[in-house]
Amino acid sequence: MNQPAAVSKPLDTQVQRKAGRWKKHVSGYLFLLPAAIIFILFLWVPITKGIIYSFYTIDFVKGNEFVGLDNYKTIFNDPDVWIGVKNTLYYMFLCLIIGFWVPILFAIAISELRRFQGFVRVAAYLPNVIPAVVLYGLWRWFYDPVGPINGVLTQAGSDQIAFLTNKSWSMISLVIMETWQQFGSGMLIYLAAVLSIPRDWYEAAEIDGAGIFRRIWHITLPSIRGLVLLLFLLQLIATTQGFQSQLALLDGGPNKATLTYSLLIVKYAFTRLDYGVASALGVLMFLVLGGLALLQFKLNNKGAAKS
Amino acid sequence: MKSVDRGILSSYDYRKKTNKLGFLVVIAVIVAMVGSMLYPVLTALFNGLKANTEVNSFPPRFLPSEWHFDNYEAGWNFMNLPVFLKNTLMIFGGNMIMTVVVLGLAAFSLSKLNVPYQRAIYFFFMITLFIPPSTYIIPNFLNLKDLGLLNTYAAFWLPASASAFYLLLLKNFIDGIHHEMFEAARIDGASDWKCFSLIAVPLSIPIFSTLAIFVFSTAWNDWFWPSLVMHSDSKYPLATAVYKYVISAQRLNLNIRFAILTMVMLPPILVFLTFQKFIMRGLQLGGVKG
């Protein structure tokens, strides 16, 4: 009498367990459902629509019309696009030579501070929390012909510089402003890496007779090489898309000197109301940036495997 | 450990005169840097307290000769700051709720519930990290228009949780919570929902507060996207309103302008100084994204 019960009991629990597992998965999938819907609706749909729209003329009143490759033809015949590409490359270049090395240098210098290191960190990061619109308001005044920078220049006896209205200065001025704002976050990331280098290595190098600069060159810099490369790529990806400060401070001027590619996308869409061409510009940009993003992904994975 | 006491320089290096001098130069550069970081913030503050003629005098002076605290009152009355502030906070609040609920659930499921095809689902979320946002900014706008969300707060709230980066941070954090905790709860008869809401969420408060700072700074800073999505004055968040009415304004006295800018700048600075530790840690987490 007891035996069948003993046999059927594990069977029962097995069935139960199966049902339980099924139930468990139901709630697991239910938990994922809202996120999946939102990702599809607000990321995947726009991305696909962008590709589709690049073959259409978008008209809110008359409806969309298929035009084949016309949008792309417009792009390749538009001299502004080449100006935009050139300006974007110039902007990226300036960001590298003016902005990229600053946080590395300061991270190494600040890591040597024994006192007030916390204060310096906070001060360096402070501009990061200033809202972008305030930043624009502030720096427009700094760069003003009667602003403080030109005030110092006049007192020093040199000519004034029209930071924003001079064609050859405008992009440089923007990059200096952005470097001022953003270098703190990069610096803190580097600083953490620099501080995590074992101190014994320096000790050993010093005993072997390495000078200060050789210690930095052969120990500090190689130790943060991966991070430098990663932030380099991230900066490239970020700067290819830069347009907000160009738009807010100069609206792409003077004489299109700060008209970047992304700004052109925005202008095509919201001043020329040519959404089709704007979408096509986006698709082209995606094709170029996809390569960079993949590279970053590989680097990231390497970094993850290491740590 | 004695070796911890040194940096790149050792105490021996400090004894050499050239090194000492070099180090002093480095310190001077750092001090200059700190000064240049603090100067603009203080300038904004003091310019907001000057008389208008003094702000426009050339060369500019740092400290005001007369203190005009009424500028702040004038700035406050210049535009309807409380309404814009309310809008910004509405956007922040909604975004935060969406992030906690939608991404929290998804991260919990991906981290602890072992659903079949988990890796594929995770990949589906993560691949969006590698599509630069400005490439689909226009279709994104058209998409919101098609959905009829323009000029509504839902246009911010719903897409707020479409962030693979936040999902990544959340999942990484929840991965670190011990399985035993949930197993014990399950033995006591807790459902998955209870495991999530009563165990995972309270334990994830550190990461949620880090995310809150990210979400807050986005809501407070973003001026461009809201200026596209919202059409009416009464719905602009603070940053957009400041851009439209202060930065682009022609006839606004400089001292009032600086007073408004200072008022907009102070809350994030205060938040930053209060939650410094969280922010610095968040930065390490966010370092990968930059």
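This is a predicted model: local features need pLDDT of at least 70, side-chain atom pairs count only at pLDDT 80 or more; totals for chains, interfaces and linings use all residues.
Q: How many residues of chain B are in contact with chain A, and what area do the two chains bury?
A: The size of an interface is often given as the accessible area lost when the parts come together. Here chain B and chain A bury about 9100 Å² between them, 77% of it on carbon and sulfur atoms; buried area is the accessible area (1.4 Å probe) lost on putting two parts together, summed over both. B:Ile8, B:Met37 and B:Phe130 supply 8% of the area that chain B buries against chain A, more than any other three residues. Contact (heavy atoms within 4.5 Å) joins 105 residues of chain B to 100 residues of chain A.

Q: Which polar links cross the interface of chain B and chain A?
A: A salt bridge places a side-chain nitrogen of Lys or Arg within 4 Å of a carboxyl oxygen of Asp or Glu. The rule finds 1 salt bridge across this interface, and the side chains of B:Asp146 and A:Lys49 meet in a salt bridge at 3.0 Å, N to O. The side of chain B that touches chain A has 77 nonpolar, 21 polar and 7 charged residues; by this classification, Ala, Val, Leu, Ile, Met, Phe, Trp, Tyr, Cys and Pro are nonpolar, Asp, Glu, Lys and Arg charged, and the others, Gly among them, polar.

Q: How many salt bridges does the structure hold over all chains?
A: The structure holds 8 salt bridges over all chains. One of them pairs A:Arg272 with A:Asp80, the closest N and O atoms being 3.1 Å apart. This pair links distant parts of the chain, 192 residues apart: A:Arg272 is in the loop between α12 (261–270) and α13 of chain A, and A:Asp80 is in helix α3 of chain A. Helices are DSSP runs (H or I, at least four residues), as are strands (E, at least two), numbered from the N terminus.

Q: What lines the largest cavity?
A: Rolling a probe the size of a water molecule over the atoms shows where empty space is left. On a 1 Å grid over the protein atoms alone, a cavity is a set of points where a 1.4 Å probe fits but cannot get out; a pocket is an open set with protein on both sides within 12 Å along at least five of seven lines, and lining residues have an atom within 4 Å of a point. Grid points are joined across faces, edges and corners, and a volume is the space filled by probe spheres set on the points. The count is 1 cavity of 30 Å³ or more, and the largest cavity holds about 100 Å³ of space. Its lining includes A:Pro46, A:Phe286, B:Ile131 and B:Tyr136. α1(A) gives the most to this lining, with 4 residues.

Q: What is the volume of the second largest pocket?
A: The second largest pocket has a volume of about 530 Å³. Of its 22 lining residues, the closest to the centre are A:Ile108, A:Ala109, A:Phe213, A:Ile216 and B:Val26. The largest share of the lining, 8 residues, comes from α2(B).

Terms used:
Residues are numbered from 1 along each chain as its sequence is written. Chains are lettered from A and ligands numbered from 1 in the order in which they are written. Side-chain values use heavy atoms; hydrogens and water are left out.
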